[in-house]
Amino acid sequence: MKFLVTAGPTREHLDPVRFLSNPSSGKMGFAVAAAAIRAGHEAVLVAGPVSLRTPRGARRIDVVSACGMLDALKREIASADVLVMSAAVADWRPAECSASKLKKSEMDGVLRLVRNPDILQSLHPLKGSRFFAGFAAETGDPEAEALRKMRDKGLDMIIANDVSSPGCGFAVSTNRVSVYCADGSRTDLPLMRKSAVAARIVKMICALARGREAGCRSR
Ligand code: CTP
């Protein structure tokens, strides 16, 4: 199967030297792409600005903003079997982006923002029989929000975690997640390395997608 995986933050520039973003390291998405390759699949990694090495065998497309990420995914989705949206997409961007550096004397302390597109919702019309998985990073018990997001975004799976709990979150190498599927199942994984979490996620996606159509070549 062909996995299309997003990773990292997006950056929403207000001028060439200033942007809105978040502390996502990209580790989880890179681990999912690497796990897909290890399991014998193809992986295309659409990455926001991160400083991680591309997993061997993955094709990487670097993007900056949420709109850039959506454009890249629209180009790639037709040939993909699975979309895993682990990117921490910025929900808002500055209403205007100046081509040259803004001087502080030109700024009045008010930043006008506009909503970014919801990438998963924008891609939903192109979903067809593809398997769509998302992440829900919450502070506190993520279950209610994860189930809402799975429903609202039309997902087959959502991987939820409490980013405020020890060993979880953006920049660390471990994670503790609960995996919710559209069939109503819930799987709680223990705290483990993101690479191990990724391997379990790929295995679960494969089993569910295999149930839907033949062709999963997991080793
Ligand atoms: N996502 C997306 N497009 C966005 C924002 C998020 O596709 N503009 C995806 C993320 O990659 C993730 C899922 O939606 O797979 C949930 O993201 P999250 O940030 O938890 O939720 P939001 O929909 O942004 O809601 P909120 O910020 O209100 O929690």
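Me: Helices (H or I, at least four residues) and strands (E, at least two) are DSSP runs, numbered from the N terminus. With that in mind, which element gives the largest share of the shell around the ligand?
Reply: That's β9, with four residues. This is a predicted model, so to speak of what it rests on: local features need pLDDT of at least 70, side-chain atom pairs need 80 or more, and totals for chains, interfaces and linings use all residues. Numbering runs from 1 along each chain as its sequence is written, and side-chain values use heavy atoms, leaving out hydrogens and water.

Me: OK, how many residues surround the ligand?
Reply: There are 14 (a heavy atom within 4 Å of the ligand). M85, A87, I119, K149 and K153 are the closest.

Me: And what kinds of residues are in that shell?
Reply: Nine are nonpolar, one is polar and four are charged. Here Ala, Val, Leu, Ile, Met, Phe, Trp, Tyr, Cys and Pro count as nonpolar, Asp, Glu, Lys and Arg as charged, and the rest, Gly among them, as polar.

Me: Which polar atom of K153 lies 2.7 Å from a ligand oxygen, side-chain or backbone?
Reply: A side-chain one. A polar contact is a pair of N or O atoms within 3.5 Å. D91 also has a polar side-chain atom 3.0 Å from an oxygen of the ligand. With F135, a polar backbone atom is 2.9 Å from a ligand oxygen.

Me: Back to the shell, which elements give two or more residues to it?
Reply: α3 (119-123) and β9 (131-138).

Me: New topic: where does the ligand sit?
Reply: In the largest pocket, judged by more than half of its atoms lying within 2 Å of the pocket's grid points. A pocket is an open set of points on a 1 Å grid where a 1.4 Å probe fits, with protein on both sides within 12 Å along at least five of seven lines; lining residues have an atom within 4 Å of a point.

Me: How many residues line the largest pocket?
Reply: 38 residues, and nearest its centre are A87, A88, V89, F135 and A137. Elements that give two or more residues to this lining are α1 (27-38), α3, β9, α4 (143-152) and β10 (157-162). β9 has the largest share, four residues. By class, the lining has 15 nonpolar, 14 polar and nine charged residues.

Terms used
A polar contact is a pair of N or O atoms within 3.5 Å; within protein, one must be able to donate a hydrogen and the other to accept it, and residues adjacent in sequence count only if both atoms are side-chain atoms.
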